[in-house]
Amino acid sequence: MSNLRFTDTALSEWMRGTGQDSDIVISTRVRVARNLQHLPFPLLATDQQSGEVLERLTRVLNDKEDLQDFGDLHVIKLSEIDELDKKVLVEKHLISPNLANESRNGAVILTEDESVSIMINEEDHLRIQCLYPGFQVREAWERATALDDVFESEIDYAFDDKRGYLTSCPTNVGTGLRASVMMHLPALVMTQQINRILSAVSQVGLTVRGIYGEGSEALGNLFQISNQITLGQTEAEIIENLHSVALQIIEHEKNARARLLGDSKLRITDRVMRSYGILSYAAVMDSKEAAQRLSDVRLGVDLGLLEGPEIPVMNELNVKTQPGFLQKTFGEGMHPSERDMYRAKLIRETLGNH
Amino acid sequence: MVCQECGKRPATLHFTKIVNGEKTEFHFCETCAREKGELIPGTSNGFSIHSLLSGLLDLDPSGKGQTPGAKMAQTLQCEECGMTYSQFSKLGRFGCSSCYKYFSDRLDPLFKRVHGGTSHVGKVPKRTGGRIQIKRQIDELKKELQFRIVQEEFETAAEIRDQIRELEKNIAQG
């Protein structure tokens, strides 16, 4: 087992905090994509060129008073960690699968509490990500743009008067900004309003996708909503648009929850309690069922139906029950059926402790 | 729902493409999706935003099929990194920042489809972007100037004209 501290715990320190509306919005993420002038994008860069990118960007971290607010920064080179650690970093959303599997001279810079993750030599030379618990889109953008300014004070970015910040993928050009909120929307799913809302969201320049699921399926009723447009709008417009749409979704989810409690409290209580019981005693648990049951229990806690585990514990379980993290805990090379057994064991033990 | 391709297996992959308000829905089973070679999120050879984009890039902006313009695009090449336009439209990614310059004529229709807009109006790098900020200020003032003239507020208009001249001098001096 490696001694990489960041993959030993499932829950990033920043996720222990709570933010506004954290019963519905689990976390907020803002990332900006930037590239260095006069060097080809990572797609075409030679090893020497990507090495230069890595060297120049990490040099910014040295003797920088501007970075004091961010505390200790840790540079992790992807070539120096093992496959399992990479997998866990992906499951914690600290790096992308692309950086883990395909980058050359790829690296990630993490703050102590893992609330900032700066990817180097991913699809773009530099991707600055800031993460916040709960619903804090504006705060996350403020922090990301401040970090961007620090890099910009030393690095000449690829920037064009007309097109803005130039990125490898045309979907990121302009502001290079992608802001997203991860939302838990069980009541909208149960009351079958979700599709209507999601299609409305896509009409206003935002996209929705499930988290941990594939395709349009959202495991555990977790949805990620983010801006699609990066060119032709200011950062403030993008942030405010996401903010106001997310606010409306929060409102709808709250109303749906209130209606569920009013109309079918017994049914919903039964569902929550059954899921809690199964999670507490099951011997085998696949990832799909785990996600659904954890969603039920989270809803039960939010609605006060269950004096169950605290929300950070639930957040932790979402990550802990992923395949990479299970292997990290119980040893590599397990068969999928063994994995389901260990997943059940881990959930039982975690819930039993709280 | 049944797969729209084979009509036999259940459709497990659904995606919706919305381009300028025009909605197209796709429903495939996994087998057909693989055969179509453009699906399965999260796998390396699978569906990605890039392969989706390449569909857009191949579109001829004139909408008339293979025109001389489209043929020319096949030989269009970035002199900096060597990427050709047809490579770009396959990969859905630029090779370097100069690609934006060399493919410039072809990019407006693409950006319009993807973003709705074609020009950046957001943040500008502080150190290197001073000139752009002044340019934007001038554009704003010019609009204001037009408005004042229409309103027949000539004194204010004259003041604005002087401000514009001053800013333009700044730019000329670098």
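Q: How many residues of chain A are in contact with chain B, and with how many residues of chain B?
A: In this predicted model, 46 residues of chain A are in contact with 43 residues of chain B. Contact requires heavy atoms within 4.5 Å, and the area buried between the two chains is about 3700 Å², with carbon and sulfur atoms giving 56% of that area. On the side of chain A, A:Asp161, A:Arg163 and A:Pro170 lose the most area to chain B, together 17% of what that side buries.

Q: Why is the pair B:Lys123 and A:Asp148 called a salt bridge?
A: The closest N and O atoms of B:Lys123 and A:Asp148 are 2.7 Å apart, and the cut-off for a Lys or Arg nitrogen and an Asp or Glu carboxyl oxygen is 4 Å, so the pair counts as a salt bridge. Across the interface of chain A and chain B the rule finds six salt bridges, and it also finds 17 residue pairs in polar contact, both residues being at pLDDT 80 or more. Helix 4, strand 7 (164–165) and helix 6 (194–202) of chain A each supply at least two residues of the side that touches chain B, and helix 4 of chain A gives the most, with five residues. By class, that side of chain A has 15 nonpolar, 18 polar and 13 charged residues.

Q: What makes A:Asp148 and A:Arg34 a link between distant parts of the chain?
A: A:Asp148 lies in helix 4 (residues 137–152) of chain A and A:Arg34 in strand 1 (residues 25–34) of chain A, 114 residues apart. Their side chains meet in a salt bridge, at 3.0 Å from N to O. A:Asp148 is buried, and so is A:Arg34, a word that stands for a relative accessible area under 20%.

Q: Which residues are linked with A:Arg34 and A:Asp148 in a network of salt bridges?
A: The network also takes in A:Asp149, B:Lys123 and B:Lys126. Over all chains, the structure holds 32 salt bridges.

Q: Why is B:Glu144 called partly exposed?
A: The relative accessible area of B:Glu144 is 29%, and partly exposed covers what lies between the 20% limit for buried and the 50% limit for exposed, so B:Glu144 falls in that class. B:Glu144 forms a salt bridge with B:Arg148, the closest N and O atoms being 2.9 Å apart, and both residues lie in helix 7 (residues 130–150) of chain B, four residues apart, about one turn of the helix.

Q: Where in chain B is the pLDDT below 50?
A: The pLDDT is below 50 over residues 38–46 of chain B, a stretch with 23 contacts beyond near neighbours in sequence, and also over residues 60–68 of chain B, where there are seven such contacts. Where pLDDT is low, the predicted coordinates should not be read in detail. For chain B the mean pLDDT is 76, and 70% of its residues reach 70 or more.

Key
Residues are numbered from 1 along each chain as its sequence is written. Chains are lettered from A and ligands numbered from 1 in the order in which they are written. Side-chain values use heavy atoms; hydrogens and water are left out. pLDDT is the predictor's confidence in each residue, from 0 to 100. Buried means under 20% relative accessible area, exposed over 50%, partly exposed in between (1.4 Å probe, protein chains only). Buried area is the accessible area (1.4 Å probe) that two parts lose on being put together, summed over both. A polar contact is a pair of N or O atoms within 3.5 Å; within protein, one must be able to donate a hydrogen and the other to accept it, and residues adjacent in sequence count only if both atoms are side-chain atoms. Ala, Val, Leu, Ile, Met, Phe, Trp, Tyr, Cys and Pro count as nonpolar, Asp, Glu, Lys and Arg as charged, and the others, Gly among them, as polar.
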